[in-house]
Amino acid sequence: MWKRAISPSTLLSSPKSSFLNQANGLGVLNLFGLMLSGGPGSGKGTQCVKIVETFGFTHFSAGDLLRREISSNSENGAVILDTIKEGRIVPSEVTVKLIQRAIESSENYKFLIDGFPRSEENRIAFEQIMGVEPNIVLFFDCPEEEMVKRVLSRNQGRVDDNLDTIKKRLKVFAALNLPVINYYSEKGKVHKINAVGTEDEIFEQVHPVFAAYDV
Ligand SMILES: Nc1ncnc2c1ncn2[C@@H]1O[C@H](COP(=O)(O)OP(=O)(O)OP(=O)(O)O)[C@@H](O)[C@H]1O
Ligand SMILES: O=c1ccn([C@@H]2O[C@H](COP(=O)(O)O)[C@@H](O)[C@H]2O)c(=O)[nH]1
Ligand SMILES: [Mg+2]
């Protein structure tokens with residue numbers, strides 16, 4: 001279970017008090033975390049918009065947090081930019097710190113973590129630093145040629161939306177990300193989504209996963 005210490009004033013005013021851990025009386029809020037995984041262009045971000053609208057989750061895209069670091073000229077910005085251009089994975093401590101900060105500054109108790117963890121090393125670092133693991137993992141299963149087609153027509157000005165980088169990202173995904181899916185599958189946490197179809201058809205598969213949890 002994800003928990004976060006909160007101040008007594010938040011406790012009193014929080015509409016989320018039904019999620020308080022009454023047992024220790026210390027003001028600990030139970031959080032609900034869901035991770036979305038899938039190759040580049042498999043449609044994670046697109047489905048997150050629908051999940052947020054329908055179920056009131058707060059969405060954190062690890063890629064967006066990293067891109068924000070680049071545009072804010074942070075000390076890690078140049079390294080992050082190079083890494084993204086090359087389709088490689090940013091050091092775990094950098095990404096975990098950004099996710100941690102985002103979660104801790106949010107008032108919500110239910111989160112979508114989109115595009116993370118990318119590797120077993122990411123996963124282990126997250127679980128060690130945060131002391132939690134996801135309640136659910138959604139895996140967007142999409143054929144490579146469909147992912148390439150979508151990324152090349154995304155048109156959002158991303159530095160990694162080019163054929164050369166996509167090829168590298170697909171290799172990294174197969175080598176490093178799939179082991180994470182396997183790890184969570186063995187723990188019974190993975191819901192596999194067939195990511196081919198219209199956005200609404202895909203959401204029809206996603207919807208019942210959330211409806212099954214009382215969050
Ligand atoms: N079901 C779909 N059918 C066709 N195109 C889609 C579908 N879902 C999303 N797209 C389009 O594909 C592109 C990639 O989608 P999206 O950005 O959601 O993928 P992603 O998994 O978040 O990718 P990345 O890991 O690169 O951030 C976008 O242009 C989006 O509009
Ligand atoms: O946890 C993460 C997430 C992302 N990256 C880097 O960013 C790009 C783009 O990520 P998207 O999720 O597709 O927006 C990705 O290829 C990595 O280079 C990362 O290192 N770690
Ligand atoms: Mg995305």
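Entry 1: I am working with a predicted model. I sorted the lining of the largest pocket by class and got 12 nonpolar, 19 polar and 12 charged residues.

Entry 2: I looked up the volume of the largest pocket next, and it is about 970 Å³. The lining has 43 residues, and the closest to the pocket centre are Gly41, Lys44, Arg154, Arg158 and Arg169.

**Entry 3: which elements build the lining.** I went through the helices and strands. Helices H2 (44-55), H3 (62-71), H7 (144-152), H8 (163-186) and H9 (199-211) each give at least two residues to the lining of the largest pocket. Strand S3 (58-61) also gives at least two.

**Entry 4: what takes up the space?** I asked which space ligand 1 takes. The answer is the largest pocket.

**Entry 5: the shell around ligand 1.** I found 16 residues around ligand 1. Gly41, Lys44, Thr46, Arg154 and Gly197 come nearest. I sorted this shell by class too: two residues are nonpolar, eight are polar and six are charged. H2 and H9 each supply at least two residues of the shell. The largest share comes from H2, with three residues.

**Entry 6: close atom pairs.** I then checked distances to oxygen atoms of ligand 1. For Gly43, a backbone N or O atom lies 3.0 Å from a ligand oxygen. For Arg158, an N or O atom of the side chain is 3.0 Å from an oxygen of ligand 1. For Arg169, a polar side-chain atom lies 3.0 Å from an oxygen of the ligand. How much of ligand 1 does the protein cover? On its own, ligand 1 has 640 Å² of accessible area, and the protein covers 79% of that.

**Entry 7: a cis peptide bond.** I left the pocket and checked the backbone. Phe116 and Pro117 are joined by a cis peptide bond, with omega about 0 degrees. Where is Pro117? I found Pro117 in the loop between strand S4 (110-114) and helix H6 (120-130).

**Entry 8: a positive phi.** Asn73 is not a glycine, yet its phi is positive, about 55 degrees. I placed Asn73 in the loop between H3 and helix H4 (77-85).

Methods. Residues numbered from 1 in each chain as written. Chains lettered and ligands numbered in written order. Predicted model: local features only at pLDDT ≥ 70, side-chain atom pairs only at ≥ 80, totals over all residues. Heavy atoms only, no water. 1 Å grid on protein atoms, 1.4 Å probe; cavity = no way out; pocket = protein on both sides within 12 Å on 5 of 7 lines; lining within 4 Å. Points joined across faces, edges and corners; volume = space filled by probe spheres on them. Helix = DSSP H or I, 4+ residues; strand = E, 2+ residues; numbered from the N terminus. Nonpolar A, V, L, I, M, F, W, Y, C, P; charged D, E, K, R; others polar. Near = heavy atom within 4 Å. Polar contact = N/O pair within 3.5 Å; in protein donor to acceptor, adjacent residues only side chain to side chain. Areas by Shrake-Rupley, 256 points an atom, 1.4 Å probe, with all protein chains shown as cover. Sits in = over half its atoms within 2 Å of the grid points.
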